[in-house]
Amino acid sequence: MILGIFVGGIPGLTATMAVALIVPLTFHMSPIAGLAMILGVSFCAIFAGDIPATYLRIPGTPASGAAILDGYEMTRQGKGSLALALDLTCSVLGGLIGITILIFVAPILAKFALKFTNFEYFWLAVFGLSMSAVISRGTRIKGVISMTLGLIFATIGIDITTGYPRFTFSSTELMAGIGFIPAMIGLFGLSEVFKYVLLPESFRNPTITERIQISFKSVGTLLYKFKLLILRSSIIGNVIGALPGAGADIAAWVSYGMAKKVSRRSAEFGTGIEEGVIAPTSANNSALGGTWIPALVFGIPGDTVTAIVLGAMMMYGLKPGPLIFQQNAYLVNQIFSVALVSQAFLLIIGWFAIKMYTQLFKFPRNIVLVGIIIFSAVGSYALRSSLFDVSIMLFFGVLGYIMESCGIPLPPLILGLILGPMIEDNLRVGLVKSDGSFLPFITRPISLAFFILIIALFFGEPIIKAIRSFFTRRKT
Amino acid sequence: MKKLNQDHIIGIVCIILSIIILSTTRSFPKSTTGFSDLSGPSFYPNVLAFVFVFCGLYQVIIGLRKQEGSSVIDLSSSWNAIRKPGPLNILVTIALILCFILFMEILGFIVCSYMILFILMWRFGVPLLKNALYSAIFVLLLNAIFGKLFTIYLPSGVLDYLDF
């Protein structure tokens, strides 16, 4: 949790990066201890990202982008302490609501998911990828390029059906395929470092002149006053988090937009009002609970953090999917309990974190960056005691940097890498079952529903626009 | 003559990559399960290669349509750009990670990591005394966490006789 607070609060370093860095440390632990660490890191990192967002107008993580608007304005008005106190309590409440929804919804969905066959799983995985490609920043085609690149990387290694080595170029290390974790550390850790070292002037840290003092005095009254807003934002955050490919950042923005739309003080949003802080901070932590729903139930990551979690779970020998609720029910219950308990810890650690962050912001950024570089290298090596994994990390670090420089989003690539084997396996097994016919992929009801959804995702907007312009032309 | 822009380059890279995939999969064995090659090892990579060709062509078309006023890649200024401190920092980082990969077995984790940390911090402008101190703290911390706590094999290299 402390690592989460540390990484999340450093502008530019994301929750995904914090989780990617902690994963190599968890491989030698029991699965629940490892998952507990990951949960703690992710919840803390998302909250910690709001601290520099509120005080410095720099989001610590992408999920804190929406928290800047009113949080920073409150700081300028001398109400920074109130903003952070609201932020912390709303993060905890949002997290609790998100986990409660996860506890009740996930088992019901798991029962439904038992009806899925290869045909449905194939479309579900494609749907998850498509969502990520469409929602990600940048143009849709760049999202598709990133997704396809991830799927191509996933084909490297021994073909599971025929045992034939594909794209290994006679390398024995590549026979087992590309490791998720070194790839993720490279994509999210090293590539982020490259962005900063490119600007040596960014080595100078932003300084805080104001002394941070937290005041919980008026928070209780405000929480009661805005209880419905907290509930609504948390539900919105959770639903958006549960959509494969969407994450806490999108949840926070949508929730902020919705709060602004329905509020009586709509015009005052962005000028430093409490509602503008409550909505995004409740939503971003609630979204974390949501992202675990598709991850646990279908084995489809809700965001990049759960993509890493899925990779880690596979390394622990666990297979996320509907059967995990029957075969590993005890573990699932432990995950839920840990998630709930972590909220209590977040309240305590978060309180200390706000107090101590003045000192952390003064820590030189150049030293932090060097620490991340060496941690990325050693973390990648530690997984299999393989220096080849460090090469993979370096390759993906450079690739991630180039892709981001070209405006190509990274999350679809990771999802492609994770979901690639699932898509290929279900496609080929489905084809064997249907004697080479593609018809069952679009004639079975659930498969057809997924197929229509995917078409709507990519072409819905242009089709609606075309229909609208057709009717407008007819009217005129 | 029209110049290349970023969209063109992305498109061309996609097309080249898909050609490499398609030419590599030609050497893959055919399926033995009866109905065509749908269950063979080349079927799925070929499908992805065709998706990539489509994406590449689409990007090239976008590039052509954006031609006016788009950001143009000027290769002649690339060398000057690399010599600036920022891009040079990236190159130094990459080179040092490559050194980590090449020399960790020979020099050992402690010596290799310390040297890399020291050079990186020096490059990033950390004062010399602080640099030496922080590098030592980082190495000892990593050795304690990975080597001692999680008992991961970290090569001793030249310090083998010290029994770390």
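This is a predicted model: local features need pLDDT of at least 70, side-chain atom pairs count only at pLDDT 80 or more; totals for chains, interfaces and linings use all residues.
Two residues are in contact if their C-beta atoms, placed from the backbone, lie within 7 Å. Residues are numbered from 1 along each chain as its sequence is written, while chains are lettered from A and ligands numbered from 1 in the order in which they are written.

Chain B, then. Take its contacts with a separation of 6 or more: 63% of them join residues 24 or more positions apart. What elements does chain B have? It has 6 helices and 0 strands. Helices here are DSSP runs of H or I with at least four residues, strands are E runs of at least two, and both are numbered from the N terminus. From that end, chain B reads α-α-α-α-α-α. Of its 164 residues, 32% are buried. Buried means 20 or more other C-beta atoms within 10 Å of a residue's own; exposed means 12 or fewer; partly exposed is in between.

Now chain A. Domain 1 of chain A covers 2–443 and domain 2 covers 445–476, with bounds from an automatic or database domain assignment. Their contact takes 14 residues from domain 1 of chain A and 9 residues from domain 2 of chain A. Which helix gives the most to the domain 1 side? That is α6(A), with 9 residues. By class, this side of domain 1 of chain A has 10 nonpolar, 2 polar and 2 charged residues. Nonpolar covers Ala, Val, Leu, Ile, Met, Phe, Trp, Tyr, Cys and Pro; charged covers Asp, Glu, Lys and Arg; the others, Gly among them, are polar.

Next, the core. A nonpolar core is a set of buried Ala, Val, Leu, Ile, Met, Phe, Trp, Tyr and Cys residues joined through C-beta atoms within 7 Å. The largest one has 186 residues, and A:Val19 is among those that touch the most other members. Leaving out residues up to four places away in sequence, A:Val19 touches A:Ile38, A:Val41, A:Ser42, A:Val305 and A:Ile308.

Last, the backbone. Most residues other than glycine have a negative phi. A:Phe169 has a positive phi of about 50°. A:Ser170 has a positive phi of about 60°. Where is A:Phe169? It is in the loop between β2 (165–166) and α8 (180–197) of chain A. A:Ser170 lies in the loop between β2 and α8 of chain A. Buried or exposed, A:Phe169? Exposed, because 8 other C-beta atoms lie within 10 Å of A:Phe169. A:Ser170 has 7 such neighbours inside 10 Å, so A:Ser170 counts as exposed.
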